[in-house]
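Student: I am new to this structure and would like a close look at a single part. Could you pick a helix, walk me through it, and then place it in its surroundings?

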Amino acid sequence: MSFTDSLNLIVRSLPTLLQGAYITMALIATCLGVGFLLGVPLALVHVYGTRWCKWVAAIYDRIFRGFPALVLLFLFYFGLGSIEGVSLSPFLAVVLALGLRSAAYQSQIYRGSLLAVGEGQMAAARSLGMSKPQAIWLVLLPQALHFSLPGLANEYSIVLKDTALAFAVGVVELLSRGKFIVARTYATMTIYLTVAAIYLVLTYLGVLVFWVMERRTRIPGLGDRAKESSR
Amino acid sequence: MSFLAGALPRLFQGMSITLQLIVCSVPIGLAIGITVALGRSYGGLLLSSLAWVYQALFRGTPLLVQLFIIYYGLPRFGLVLSPFVSAIVAFSLCSGAYHSEYFRGAILSIKSGQLEAARALGMGRLQAVLSIILPQMLRKALPACSNEIVYLIKYSSLAYLVTLVDLTGQGRLIAYETFRFFEVFLVVGLLYLGLVTIANRLLRSLENRAHVPGL
């Protein structure tokens, strides 16, 4: 295949691939969302929980960080799907598997940044008459979320790359659209390189968005002290 | 339970493939990582920008896509690799990119005065890097690299998607024969968890051994 042929093929397949990229973005957004909603409470349990709660959170952590993403995906899609009365769509299976997995990783990020905010802030808030939940919600958590943004950017790029696994259970995202085109045209290299390029753009665009968010929410003088105490 | 007794030998067979994949790609990945990190830190403009491009490409795209390019794409250019070799090439290149970033971070954390001191003692540039910077870099990067190695153990399951019958692949076959999807994948996951736990223990003890008080 000549260079112009390849270029033609890329231009013709781009709309299809971009539709796939849209599904990929939807997957990332929901997986990160599930991870956030579950990861924050998990982190609070890791830091402030009672012994039993901590123990349960630790087991959750072990399983979801110790199993490969692909095995988790199979466990949810084929395993849960084979139980009578349960039917999961491929999309939902991916969101559950990768979302719950991301929650385990995100809880570690939030745990680290909660600890980085420092003991003194909790003591100060309590001495102003706040209850413990109030102090966590109003004082510690907002600061911790800001400190966790660099870690979240990292997590975004990991989840983005893991969503490529979704093709293995039949979600028609970016990679599987690429596979369809390859099955018709046999232009393996051209198509997979284009797919890789789209992933590359998505990765660095997302990281840029998190970087801007981090800059926007920065409070002068705040980060420096937390970094010192976390050392 | 009897089904498990039948399945376990086959799962261990798959696990041996998984172990072979890991044992081959971890050292190659580390070697690539060290070379690229040194190239990016001490190479000239050309070498360091090449290293940067390599890092950006392999850290910015999914491992699965890299695997597909190597397994399905390279035959276009007459380079036909077996699933096993493709997996090792993809795993080494990808983890090498991550390792190199950790090694580079370690190099940056070593004060530049050390290199100057070594040069002042009459060492050549290469000698100073190899005998002063390299040992410290390896020590400092060890925790991050251990993490990456543990990641690689888990991501080795992608080899199944290029038709290699590793631990995940055997699990999939057994699950289709017995229709006990949940049990089989749970056992497969626990076996990976076991591998990861053992690797963690070994790497921690290596870290303790390499620890130099006060460094």
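Tutor: Take helix 2 of chain A, residues 51-66, in this predicted model. The helix has 16 residues. From its first C-alpha to its last it reaches 22 Å. That is close to the 22 Å expected at 1.5 Å a residue.

Now look at burial. In this helix, A57(A), F64(A) and G66(A) are buried. What covers them? The cover includes two helices of chain A: helix 1 (3-48) and helix 4 (90-117). It also includes helix 8 (181-210) of chain B. Both chains, then, take part in covering the buried residues of helix 2 of chain A.

Step back to chain A. It has 10 helices and 0 strands. Its C-alpha trace spans about 70 × 50 × 25 Å along the principal axes. Of its 231 residues, 40% are buried. Take the contacts in chain A between residues at least 6 apart in sequence: 78% of them join residues at least 24 apart.

Turn to chain B, which supplies part of that cover. Chain B has 8 helices and 0 strands. Its C-alpha atoms fill a box of roughly 70 × 45 × 20 Å, again along the principal axes. Of its 215 residues, 41% count as buried. Among its contacts with a separation of 6 or more, 74% are between residues 24 or more positions apart.

Next, the nonpolar core. The largest one has 115 residues. Those with the most contacts inside it are L73(A), V94(A) and V195(A), along with L64(B) and V65(B). Follow V65(B) across to chain A.

One more stop: R172(B), in helix 7 (residues 167-178) of chain B. Is R172(B) buried or exposed? It counts as buried, because 23 C-beta neighbours lie inside 10 Å; the cut-off is 20 or more. Beyond its neighbours within four places in sequence, R172(B) is in contact with F74(A) and Y160(B). One of these contacts is in chain A and the other in chain B. V184(B) is 12 residues from R172(B) in sequence. In space, the two are 8.0 Å apart, C-alpha to C-alpha.

Definitions and conventions:
Residues numbered from 1 in each chain as written. Chains lettered and ligands numbered in written order. Predicted model: local features only at pLDDT ≥ 70, side-chain atom pairs only at ≥ 80, totals over all residues. Core = buried A, V, L, I, M, F, W, Y, C linked by C-beta atoms within 7 Å. Buried ≥ 20, exposed ≤ 12 C-beta atoms within 10 Å, placed from the backbone. Helix = DSSP H or I, 4+ residues; strand = E, 2+ residues; numbered from the N terminus. Expected span 1.5 Å × (residues − 1). Contact = placed C-beta atoms within 7 Å.
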